[in-house]
Amino acid sequence: MTSSYLSDTMEQTAGGPGDPCVMVIFGAGGDLTRRKLIPALYNLATDNLLSREFAVVGLAREPMSTEQFRDKFREDIKQFATGALSDDLTEWFIRRLYYLSGEFGDANSYIKLRETLQQADKEHGTRGNYFYYLATAPVFFGPIAQQLGTANLLSEEDKQWRRVVVEKPFGRDLESASTLNSQLLQVMNESQIYRIDHYLGKETVQNIMAFRFANGIFEPVWNRRYIDHVQITVGETVGVENRGGYYDQSGTLRDMVPNHIFQLISLTAMEPPISFQADAVRDEQAKILRAIQPLTSEDVLSRAVRGQYGESHGQGQAMPGYRSESSVAPDSATETFVAMKVQIDNWRWADVPFYLRTGKRLPQRHTEIAIQFRRAPFVLFRDTAVERLTPNVLVLNIQPEEGISLSFGAKMPGPVMRLGNVDMRFAYSDYFGGGAATGYERLLHDCMIGDATLFQRADMVEAGWSVVTPILDVWKALRPRNFPNYPAGTWGPKEADELLGRDGRKWRVNSQEPIKAKLLADVAGA
């Protein structure tokens, strides 16, 4: 490859490439690095969004030389790339990879890291800008930050920046999250901390604000006067796979609710920010999280449901129960399903319930936010054949097919007044094409340019845990007596249906239906 390759191909694009910098990956030998981070960086380079002055330093315990790390990259990128590969770009990338073997708690590892960073600066012109990605077990987050601070690798001088990206889970409860925040803030400023949640890299999640605030027809009805309730579903078909040891100590509530789902709630419910500056957006998100009504012990029993999947022989295949999974205790009380009813105590959302459910081994891999509007008055139709009016539902489909749909009633052809339900559907791939992505591209690029909008702030993390911790406390004190309580491949325990049934509502039947499959069916039937 010629030295002019990047100068010829990496021209300025809309938004522009990230700043010159070195990305240091702690835990570079793990699955996250090879499956997500490296492919995401490659995609950024393909899209001209990675600076020409860029390098990667991997640091992990595994003994390995830089050349072996580069050879490993050649094989991994072939296996996990999300698009076509270019030999020239691959070789350009490989020459910017470095590897260090060391212990995260050993001060000598950070002396070697400093030397390697200086080498990368000299060879690739990265200008002393570094961001450290903690792709490690959570127990190392605090110690790594402390070691970076002690080694003076977090100091920002002469317009050079230093940032730390922290993976989830960020704490196990309110106390541990507060402790971790304190550890990080002892050695750096809040502006240097990027608490990452890959869900926020999805286009539809980012589009929530654009959809709400750029379209005058939706924001006026986005309130308690017109909205009956909101449902959020995050369904996964897989079990715990090879993560049984971690998952049995965590559970679905910790793993999904204070991060993924509360981020979706805050973006859906927030007030319009004064700008799209990071803190302006996050100020409004934090207000929503603080406004979520805290649950008493009695509330937990009536407004929170937990479940654990058992074995099943449905759908033509046998699926093991959670307690049969590798590294899971045979009498485990860990939940693999959570359903909750939360209330937001503010002027816009008073008395509008937000129902959420998430779990493992559900029938479909599907994530959506469904806003159900209040029914129109029936009085006009009382002397017609219409028996009931179906409420309008706006659905933001997040995965696997990203898009938006709106259902409304329309008169069916004929002399008699009859109403049929009609869906207007928009799929991102149909209108804008389907780009190759891992979900991390936008987040890594934002870190390189210093845009923290899609990353959680300390107060947001602690506000989320303050809602979840009382539930954890009650569930720890009261061991479930009916686990497992839903067969693998179903939509959770019956108590989840009863949660809505007590309010005269039901979960959306079609929440598992991918938008594109339905769109194709509509076309075929036309």
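This dialogue covers aromatic pairs and cavities in a predicted model.

Colleague: How many aromatic pairs are there?

Modeller: A pair of aromatic rings is described by the distance of the centres and the angle of the planes. Rings of Phe, Tyr and Trp (its six-membered ring) pair if their centres lie within 6.5 Å; planes under 30 degrees apart are stacked, over 60 edge-to-face, the rest tilted. The count here is 18 aromatic pairs. F104 and F140 form an edge-to-face pair, 5.1 Å centre to centre with 75° between the planes.

Colleague: Which parts does the pair of F104 and F140 tie together?

Modeller: F104 lies in the loop between β3 (97-101) and α5 (107-124), and F140 in the loop between β4 (130-134) and α6 (141-150), so the pair joins parts 36 residues apart in sequence. Helices (H or I, at least four residues) and strands (E, at least two) are DSSP runs, numbered from the N terminus. F26, F104, Y110, Y132 and F140 form one aromatic cluster.

Colleague: What lines the second largest cavity?

Modeller: Rolling a probe the size of a water molecule over the atoms shows where empty space is left. A cavity is a set of points on a 1 Å grid over the protein atoms alone where a 1.4 Å probe fits but cannot get out; lining residues have an atom within 4 Å of a point. The lining is A28, T33, R34, I38, F69, K72, F73 and D76. α3 gives the most, with 4 residues.

Colleague: What conventions apply?

Modeller: Residues are numbered from 1 along each chain as its sequence is written. Local features need pLDDT of at least 70, side-chain atom pairs count only at pLDDT 80 or more, totals for chains, interfaces and linings use all residues, and side-chain values use heavy atoms, leaving out hydrogens and water.

Technical notes
On a 1 Å grid over the protein atoms alone, a cavity is a set of points where a 1.4 Å probe fits but cannot get out, and a pocket is an open set with protein on both sides within 12 Å along at least five of seven lines; lining residues have an atom within 4 Å of a point.
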